[in-house]
Amino acid sequence: MQTARALKDDVNTKVHTPTEDTNQLRRSLKSRHLTMISLGGTIGTGLFLASGGAIHSAGPGGAILSYLIIGVMVYFLMQSLAEMGAYMPVAGSFSTYATKFIDPALGFALGWNYWYNWAITIAAELSAVTMIMKFWFPHTPSILWSAVFLVIMFLLNYLSVKGFGEAEYWFSLIKVVTVIIFIVTGTLMIFGIMGDHFIGFKNFTIGDAPFHGGFMSMLGIFMAAGFSFQGTELLGVAAGETEDPAKAIPRAVKQVFWRILLFYVLAILVIGLLIPYTNGNLANGDVTVSPFTLVFQKAGIAFAASVMNAVILTAVLSAGNSGMYASTRMLWDLAREGKAPKFLGKLNKNRVPVNALIATTLVGSLAFLASFFGDGTVYVWLLNASGMSGFIAWLGIAICHYRFRKAFVAQGKDMSLLPFKAKLFPFGPIFAFVVCGFVVLGQNYSAFIGNHIDWNGVLVSYIGLPLFLILWLGYKFTKKTKIIRLQDCDLNN
């Protein structure tokens, strides 16, 4: 016979054993997945292709300094996101945080802005895939390859979140290994251990190197560096499906930031030392003259262009895969909060937001099809509108964190309740906000220089801002929302 105490314990166990909520996303992502998802969102064409253009425009020193400054800004953003994500892990990430800590209208605008950003990115990656595949199969129709890769991305996201996580892990691993091999090979070449002669630092003093073109050239590189680092915020979206987010998110933040910064800075340093910034090929976006390809060819590695083409294809597929994941989760969360049609909040048996996934895939594919009509004019406008969306999301993260911490203190909560505390608060989010705001406003500074303002250039570059404001103010006036008092912010995790 069981004792009374044993019976009571047995009852308590039955009552308090948590059951899995079938209306919630499944927490299947491990720490290694989270790290690689964030890496996969950032190590891509920005590093493999755009880094050459950055060196050509601002010289090796200007490019390195620009990437370092943007890297420090991203570091503080990651700290902010880690503090909020470890305490309150939700798929809606900064959209949900804005709703809880600032104003539901801002949460609405940030959510739709971020969804749009990644949905259009899917279209951009499909366009890139067609160009890459034509390197090997020049006479095949573009629509064939875009359709094949769209189906692959859809299936990776449809099957399960764990399947997505595994795919992203291996995609990212290929890119990381490539960058490491590149840095090691380049270093050996610089010191004459590999290749036919010692190169040293002579390319850092060619012309007006290491800094070329002054501050205005560096300002242009700030934009490129910012676009390259976009995707680091993916770990905030993935927090809602991560095992033990209180431990996994801070660990991923520490690993991801330093890896990204070292990969970018060291890779640019190697390229700048091996190839003079005056080399016109650095400004060419063609994969056959990628700076990575040029360095591998210098090292005498056969089939360098084909190898880098395959790696860049992996990078593009990874970015599209991550984009589909992020936009789907954001749309699902908007639907749950009543800010998107209710049917988009449905989960399938594997707890994947299937309707949100289908809707995102359709929008991405329709945007891609727009590139075939009217000389791609509509598509170019869509891309330009999405270009600023990532920076707007970053501004949102900085504001959300500032308000979150202020509300935490105002409500008398113990700081020990935070699983992770961001460094140098409030300097971190304020610095990130100022730098990010500077980058946003300087998107196309050249349009304002000269005798006449280039209004077409202004409209093309800044179209994302009025679209965001229309979403924000439209929701605010329709729903009559107000800024939430610090004492009333919802800090329930």
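## A salt bridge between arginine 485 and aspartate 488

In this predicted model, the side chains of arginine 485 and aspartate 488 come together in a salt bridge, with a separation of 2.9 Å from N to O. The count of such pairs in the structure comes to six salt bridges.

## Overall form of the chain

The protein chain is built from 18 helices and has zero strands. Along its principal axes, the C-alpha trace extends over about 85 × 60 × 50 Å. How does the radius of gyration of the protein chain agree with that of a compact globule? For 493 residues, such a globule would have a value near 23 Å, and the chain has 24 Å, so the two agree.

Of the 493 residues, 56% are buried. Contacts also join parts of the chain that lie well apart in sequence: among those between residues at least 6 apart, 81% join residues at least 24 apart.

## Surface and charge

The accessible surface of the protein chain amounts to about 20800 Å². Carbon and sulfur atoms account for 67% of this area.

The chain carries 35 positive and 23 negative charges.

Arginine 336 is partly exposed, with a relative accessible area of 42%, whereas aspartate 333 is buried at 2%.

## Contacts around serine 93 and glycine 236

Serine 93 lies in helix 4 (residues 93-101), and its relative accessibility of 0% places it among the buried residues. Which residues does serine 93 touch, not counting those up to four places away in sequence? They are Leu81, Gly236 and Val237.

Glycine 236 is part of helix 9 (residues 234-238) and is buried, with a relative accessible area of 2%. Leaving aside neighbours within four places in sequence, glycine 236 is in contact with Leu81, Val90 and Ser93. Glycine 236 and leucine 81 are 155 residues apart in sequence, yet their C-alpha atoms are 6.3 Å apart in space.

Serine 389 is found in helix 15. This serine is buried, with a relative accessible area of 2%. Beyond the residues up to four places away in sequence, serine 389 touches Asn113, Tyr116 and Asn117.

Alanine 50 is located in helix 3. At 33% relative accessibility, alanine 50 is partly exposed. In sequence, alanine 50 and alanine 224 are 174 residues apart; from C-alpha to C-alpha, they are 7.4 Å apart in space.

## Backbone features in the loops

The peptide bond leading from phenylalanine 425 to proline 426 is cis, with omega near 5 degrees. Proline 426 sits in the loop between helix 15 and helix 16 (427-441).

Aspartate 244 is not a glycine, but has a positive phi of about 50 degrees. This aspartate occupies the loop between helix 9 and helix 10 (245-274), and is partly exposed at 42% relative accessibility. Arginine 351, also not a glycine, has a positive phi of about 60 degrees. The loop between helix 12 and helix 13 (354-369) contains arginine 351. Is arginine 351 buried or exposed? With a relative accessibility of 5%, arginine 351 counts as buried.

Technical notes. Residues are numbered from 1 along each chain as its sequence is written. This is a predicted model: local features need pLDDT of at least 70, side-chain atom pairs count only at pLDDT 80 or more; totals for chains, interfaces and linings use all residues. Side-chain values use heavy atoms; hydrogens and water are left out. Helices (H or I, at least four residues) and strands (E, at least two) are DSSP runs, numbered from the N terminus. The radius of gyration is taken over C-alpha atoms; the globule rule is 2.2 Å times the number of residues to the power 0.38. Buried means under 20% relative accessible area, exposed over 50%, partly exposed in between (1.4 Å probe, protein chains only). Contact means heavy atoms within 4.5 Å. Accessible areas come from the Shrake-Rupley method with a 1.4 Å probe; for residues, only the protein chains shown count as cover. Lys and Arg count as positive and Asp and Glu as negative; His and the chain ends are not counted. The place of a charge is taken as NZ of Lys, CZ of Arg, CG of Asp or CD of Glu. A salt bridge is a side-chain nitrogen of Lys or Arg within 4 Å of a carboxyl oxygen of Asp or Glu.
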